[in-house]
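Trainee: I would like to learn how to read contacts, domains and sheets in a model of several chains. Please take one feature at a time.

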Amino acid sequence: MSAVAEAPTPPQPASPIAGFVDRNFRWLLVWPSILVLLLIGLFPVIYSLFVSFQKINRRVSDTSFQGFYNYERLVTDERFWDSVINTGIMTGIALPLELVLGLLLARLFLESFPGRQILIALIVTPSVIAPFVAGAMWRLMFENIFGPINEIIRWIVGGTFDLLWLINDNPLIVYSAILTTEVWQWTPFMFLILLAAWSNVDKSQLEAAEIDGASGWRVFRRIIFPAIRPVVFVALTIRGLDLVRLFDIVYALTRGGPGNMTETISIYAYIKGFERFDISMTAAFAFVVIVSLSILVMVVLRRVGVTQ
Amino acid sequence: MSADGPHRFKAATAGRALLAVAVTALFLFPVYWLFVMSIKTPEEVFASPPVWWPAEISLENFAVLFRDGDVRAIWNSAIVAGVSTVIAMFLGTIAAYSIARYRTGGDHLAIWIISQRMIPPIAIVFPIFLAFALIGLNDTYLGLIALYTAFNLPYVIWMMRGYVEDVPLELEESALVDGLDRWQTLLKVVFPMMRTGLFATSVFTFIFAWNEFIFALILTRTEVITFPVQVSHYFGPQQIFWAKIGAMSVLGTLPVFFTVAMAQKLLVRGISMGAVKG
Amino acid sequence: MDRRQLIKSASAFAVAGAMLTLPGLAHAQSAADAAVEAAKKYSGETLNITWEAGLQALDPLNFSGPKWEELTGVKINVVEIPISELFTKTVAEHRAGTGAYDLLNVVPAWMPDLVTAGVLEPLDSYVDQFGYRDELQDIAPTYRDNQMTYGGKIYGLPDDGDVLILYYRTDLFGDDAHQSAFKDKYGYDLAPPADWDQFYDISQYFSEAMGPDGYGSALIHSPGLVHYLYLQRFRTDGGKLFDGDMNAQVNGEIGVGVLEDMVRQLDNMPKGAASWGPIEVLNAWLAGELAMQIWWPPPGRWSAGYGADVEALSWLPKSTIAGKVGYALPPGGYPELAAGFALSVAANSEKKELAYLFAQWLNSKDISIQRVTLPYALRDPFRTSHFESEEYKALWPAAGDYLQTLQEGAETGLLDMSIIDTFAYEESLTRAIVSALAGGNAKEALDQAAGEWNDLTEEIGVDDQRAAYEDWSSKPGAYPN
């Protein structure tokens with residue numbers, strides 16, 4: 001009886017029998033989840049690994065061992081590297097932008113004013129909308145003839161203006177359209193997290209700094225930022241990993257075009273796999289992506305684990 | 001100094017409030033724009049310069065969706081997201097309990113589980129499509145529900161682990177002393193203590209499934225098309241049905257919007273994957 | 001009132017069409033009746049059929065599906081798929097061996113890819129079994145000879161007369177003041193352009209004459225479609241895609257000349273027209289801002305206001321140019337067939353015969369004429385009997401001219417490039433065109449594309465690709481004759 005009562009305190013059960021029960025019970029609780037994850041998560045990885053060493057495409061089903069043929073094709077495929085670079089550019093610009101805008105917003109909403117709660121509730125809306133719908137929404141915003149963005153520019157410059165944002169040959173224009181959508185959708189997410197973290201910063205330290213006459217920027221750098229850094233790190237990790245697999249909004253806005261100008265890793269994998277049915281190469285592609293991301297995630301998570 | 005202090009304070013607050021309103025309006029404008037698209041007449045949809053507010057509210061675009069049966073996509077989304085949320089919440093919470101209380105599997109298991117969440121859907125969807133085809137799960141509720149359950153499990157486990165840790169251990173001990181067995185303790189003592197956590201986590205689980213696109217795009221045909229996929233059907237090379245896109249998006253966004261409004265206070269912890277206790 | 005008359009004649013026509021299908025009217029059993037008779041034994045079954053989402057799908061959803069069910073008791077389940085996903089879904093389901101689709105809507109240019117992947121079922125034996133040979137002969141030669149077979153076997157029933165024709169404004173072209181002013185300036189009569197130099201002149205003239213909000217022309221330049229314009233002009237000028245060793249020829253003198261002229265034509269088009277897609281061109285056209293444009297057949301009906309009162313077309317901006325539209329073949333006289341659809345039976349369907357029967361019924365003389373005149377339909381006339389139909393000619397005042405132009409197009413139309421991995425070749429060519437339209441060097445862009453083509457051919461296998469190319473180029477519509 002007493003052994004059972006102590007059981008919730010985890011590691012050392014008092015008697016071997018209780019220990020057996022404990023072990024059974026606790027594994028009983030996790031096994032269903034592990035099983036589901038193994039089925040859905042691990043099976044595709046093993047499948048991809050297998051198929052990536054064969055030669056299967058729309059016309060051929062050659063299951064003999066092909067060595068690293070598909071991996072060679074992958075690393076010598078310019079379009080693959082383009083997609084990596086495109087994804088890198090989008091992530092590299094969107095991530096810091098969302099962070100800085102999120103911080104500015106958090107600063108704006110830090111102190112109370114009338115209506116603050118309602119505005120916070122409203123401003124979060126973009127982050128809960130389906131990303132595909134967000135893409136559709138901005139495709140409409142950027143419409144060249146009846147879209148509001150060109151119309152507003154028409155007011156400002158006076159006269160005609162019917163820039164095609166999404167099928168333009170100038171990457172700066174197409175990218176700014178995609179990044180606007182991405183940053184619009186996820187800045188509120190950053191903001192919400194940062195605001196909460198910022199609100200939790202120890203007030204006494206801030207007051208002490210104020211008495212010392214430290215400037216706002218100095219206070220932010222010396223006291224606030226160190227305090228919220230772990231949270232910033234988590235938020236950047238979540239967003240960063242989402243950006244690396246960016247698909248929905250690009251699919252809605254440009255489908256990777258014009259040409260392959262805005263093709264992300266996920267979009268290219270989709271085209272390779274589901275339009276070309278170059279199945280073995282897509283498998284190699286998927287395997288490379290999964291392995292590199294898993295390594296990245298493990299490293300990052302261990303760091304988060306430490307900072308917590 | 002002391003005389004105009006409060007004044008200046010008031011002016012600063014008013015200024016900040018104004019700026020905050022302006023920024024919020026900026027963020028909401030695209031949502032507004034898609035919304036007015038849904039209540040415009042065809043002429044107004046294509047008008048240039050654009051119509052900022054329609055002369056009269058036309059519900060025709062919504063009526064068409066009901067007449068043609070397109071709204072079924074909303075129903076499909078509700079079933080798929082709803083059922084998968086319930087299953088993922090149950091399986092995930094008991095697993096989280098075990099991991100939090102017993103350190104089952106240690107750090108390795110916890111990290112492996114959360115890393116499953118980070119796999120890009122596009123990298124696994126093709127093998128899943130083939131496997132589902134083999135066992136007849138494509139374009140079925142069961143198929144999408146199973147997938148979304150798996151997709152959301154890591155999040156549920158990760159989040160609920162934190163909430164389990166918030167439940168005082170003494171409560172469980174006294175329940176066990178009172179003669180409840182382990183299952184009873186879990187279901188009757190621990191679960192009720194985590195009401196808020198369960199609610200907040202299921203809100204996000206639901207939203208993830210509701211908004212998901214790639215899996216639904218590839219694994220559905222007609223029967224269980226979800227709402228984002230339905231919206232994608234309105235884009236054609238020769239026509240884009242903006243009014244339908246607007247109306248369907250409004251129908252698909254309202255439920256999420258209200259759920260989030262209800263869960264306002266719990267948002268931060270959920271969205272930050274537990275990094276901020278909010 | 002014009003419109004009301006239209007609707008009246010349209011409904012009178014629908015009644016006449018319905019009567020045609022009454023059994024017993026013809027002595028020999030029509031293909032439609034034969035299909036219905038043979039399908040009756042399958043009563044109670046359901047056919048799954050893929051169809052492009054949106055307007056296209058209204059035909060089987062509202063018209064042909066219910067009608068077929070009434071006649072045979074076979075239910076039609078329409079799987080709506082956006083055109084961008086149609087190929088993907090078709091091949092994916094085949095690979096997975098699900099048998100989820102019985103009847104397929106296939107863009108004829110995909111046929112080599114679908115056949116080599118084993119997706120499509122040969123139809124020859126069905127055609128003979130159910131007595132469809134004769135009626136197949138009524139399908140306009142271009143579609144019949146070009147879009148039906150691969151490797152000598154029938155893999156699809158051509159079901160859509162897509163062809164890119166020139167639309168021009170009769171009120172502008174017929175105006176005396178414009179006539180004489182044009183002749184003064186350019187030294188020849190103002191008429192629909194016979195070649196691209198005339199196209200340039202006329203565009204230039206109207207860009208000036210129509211003022212700041214009007215332009216001489218606009219063409220479809222968006223990725224995914226712009227290669228049609230290039231390939232049409234390239235082949236009309238005598239270009240060949242490959243030489244005997246399967247080396248790409250698109251970067252030769254002819255190709256560079258064509259691409260440079262496509263860039264030159266932008267002079268007389270609206271700003272931004274270098275990347276306009278069909279929607280932009282159509283909107284500007286219906287708004288009366290263009291003197292000429294080149295599009296698929298539907299605007300011929302829409303700009304005449306045919307079907308304007310139909311709810312399904314309410315997304316369309318209202319036509320401001322009804323009664324002012326003339327039709328002609330594009331400069332050069334060899335219009336691109338640009339996509340289109342054929343009805344094919346899925347190789348791993350469990351109801352192949354039934355699927356074929358429904359296809360034959362849809363495609364038959366009796367039923368297809370009703371389908372191509374549905375006001376909301378996007379299926380365009382594709383049979384000789386459609387072009388000659390008196391009822392169709394009565395639908396709007398210029399409908400006769402319209403049908404005549406479509407028929408001429410159906411005689412000289414150029415078949416879309418259709419080899420193994422056509423998409424990849426198109427994409428690479430598109431990149432070159434887009435870069436030149438954006439101001440890049442045409443020769444360099446095409447050199448790059450030709451290099452990519454050669455790499456693709458090598459990767460696919462030169463002999464495999466040669467076989468596919470020879471099958472394609474042996475068809476009468478591959479090159480002008």
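Trainee: How many residues of chain B are in contact with chain A, and how many of chain A with chain B?

Mentor: First, this is a predicted model, in which local features need pLDDT of at least 70 and side-chain atom pairs count only at pLDDT 80 or more, while totals for chains, interfaces and linings use all residues. Residues are numbered from 1 along each chain as its sequence is written, and chains are lettered from A and ligands numbered from 1 in the order in which they are written. Two residues are in contact if their C-beta atoms, placed from the backbone, lie within 7 Å. On that basis, 85 residues of chain B are in contact with 80 residues of chain A.

Trainee: Which element of chain B gives the largest share of that side, and how do its residues divide by class?

Mentor: Helices (H or I, at least four residues) and strands (E, at least two) are DSSP runs, numbered from the N terminus. The largest share comes from α1(B), with 15 residues. For classes, Ala, Val, Leu, Ile, Met, Phe, Trp, Tyr, Cys and Pro count as nonpolar, Asp, Glu, Lys and Arg as charged, and the others, Gly among them, as polar. The side of chain B that touches chain A has 60 nonpolar, 18 polar and seven charged residues.

Trainee: How many residues take part between chain A and chain C?

Mentor: There, 16 residues of chain A are in contact with 19 residues of chain C. The side of chain A has seven nonpolar, four polar and five charged residues.

Trainee: How is chain B divided into domains?

Mentor: Domain bounds come from an automatic or database domain assignment. Chain B has domain 1 (5–58) and domain 2 (64–271), and their centres, taken over C-alpha atoms, are separated by 32 Å. Seven residues from domain 1 of chain B and six residues from domain 2 of chain B make the contact. On the domain 1 side, α1(B) gives the most, with four residues.

Trainee: What are the domains of chain C?

Mentor: In chain C, each domain is written as two segments: domain 1 is 2–158 + 339–412 and domain 2 is 163–337 + 415–481. Their C-alpha centres lie 27 Å apart. In the contact, 35 residues of domain 1 of chain C meet 39 residues of domain 2 of chain C. On the domain 1 side, α20(C) gives the most, with eight residues, and the classes are 20 nonpolar, eight polar and seven charged.

Trainee: What is the strand order in the open sheet of chain C?

Mentor: Two strands pair if DSSP finds at least two bridges between them. The order of the four strands is β8-β9-β7-β10 (chain C), with mixed pairing. Strands β8 (215–218) and β10 (325–328) of chain C each have a single partner strand, so one side of each is left without a neighbour in the sheet. Inside the sheet, β7 (residues 165–169) and β9 (residues 290–295) of chain C pair in the antiparallel sense over four bridges; C:Y167 has C:Q293 of β9(C) as its bridge partner.

Trainee: Which helices lie across these strands, and at what angles?

Mentor: Axes are lines fitted to C-alpha atoms, for helices over the stretch in contact, and angles run from 0 to 180 degrees between N-to-C directions. Helix α14 (residues 278–286) of chain C lies across β7, β8 and β9 of chain C, at about 145° to β9(C). Helix α20 (residues 399–412) of chain C lies across β7 and β10 of chain C, at about 20° to β10(C).
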